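Please look at the sequence and the structure shown below before reading on.

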Amino acid sequence: MSPDEPVPASPPVFDAHLHIIDPRFPLIENDGYLPPVFTVEDYRSRTASLGVVGGAVVSGSFQGFDQTYLVDALRRLGPGFVGVTQLPASVKDDEIARLDSSGVRAVRFNVRRGGSETLDRLETLARRVHEVAGWHVELYIDARDLPELTPVLGTLPAVSVDHLGLSEEGLPFLLSLVERGVRVKATGFGRVDLDVARAIRTVLDADPRALLFGTDLPSTRARRPFRDDDLRLLTDVAGPEHLRAVLHDNAAAFYRT
């Protein structure tokens, strides 16, 4: 079976991490990088065989604090899809409420690439967006850097970490937070520096409710993009006991869809 043959029948998929890159809206060069175009139509075409029924559109470093692309993408993707945005700490409560009404459900801190608010504003902004709209916080961070944030993260209402925390060395720090309720995205297998199957298994052992699958499409700057075979790997490791939760139910509950 080749890596990009259709995945066998499985539970519905909530894609907990995807990017839409639409050149009609502002894009910011990041360290000399501009991402390739990946529109709503491109996303639908690429995932047509995967059983996707919803997902989370995540703002990248190259989109900064622009909300226009995200609101448009959510409108065009329709029910079941939500947004993860980046906001400055100066954002007004009515703007948070407006974005919430458009389907945004989380604020992202992009520690790895920038483009978001800085970590010294993490606790204040995280608590405010949760109080105003019930949002959670998402971190794109190497898990090796988590220990210095643990005192804050362990007290926040809801947190997720992207791409299995990226590194093998950081996995123990990530697992310690999973035991305190932090969620982990099983995403970006082509960008991590760890044993993906082992990381998935250890997160499931710590808390099977914590793991959220996502394609990470179009896999900007990854060593290799998402391929359907990644979904097979996850299916094999999760097994029938956890598969529906990991592919759909955990994320659907976390994003309140």
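Where is the place of Pro218? Pro218 is found in the loop between strand 8 (211–213) and helix 8 (228–254), where helices (H or I, at least four residues) and strands (E, at least two) are DSSP runs numbered from the N terminus. The peptide bond that leads from Leu217 to Pro218 is cis, with omega near 0°.

This is a predicted model, in which local features need pLDDT of at least 70 and side-chain atom pairs count only at pLDDT 80 or more, while totals for chains, interfaces and linings use all residues. Residues are numbered from 1 along each chain as its sequence is written, and side-chain values use heavy atoms, with hydrogens and water left out.

## Two residues with positive phi

Most residues other than glycine have a negative phi, and most peptide bonds are trans. Ser219 has a positive phi near 65° although this residue is not glycine, and Ser219 lies in the loop between strand 8 and helix 8. With a relative accessible area of 7%, Ser219 is buried, a term that means under 20% relative accessible area, against over 50% for exposed and in between for partly exposed (1.4 Å probe, protein chains only).

Leu166, which is not a glycine either, has a positive phi of about 75°. Leu166 belongs to the loop between strand 6 (159–161) and helix 6 (171–178), and Leu166 is buried, with a relative accessible area of 5%.

Rolling a probe the size of a water molecule over the atoms shows where empty space is left. On a 1 Å grid over the protein atoms alone, a cavity is a set of points where a 1.4 Å probe fits but cannot get out, whereas a pocket is an open set with protein on both sides within 12 Å along at least five of seven lines, and lining residues have an atom within 4 Å of a point. Grid points are joined across faces, edges and corners, and a volume is the space filled by probe spheres set on the points.

The structure holds one cavity of 30 Å³ or more, and the largest cavity has a volume of about 110 Å³. The largest cavity is lined by 14 residues, of which His19, Phe62, Arg113, Tyr140 and Thr220 lie nearest its centre. The largest pocket has a space of about 170 Å³, and among the 14 residues of its lining, Arg112, Leu166, Arg191, Val192 and Arg223 are the closest to its centre.
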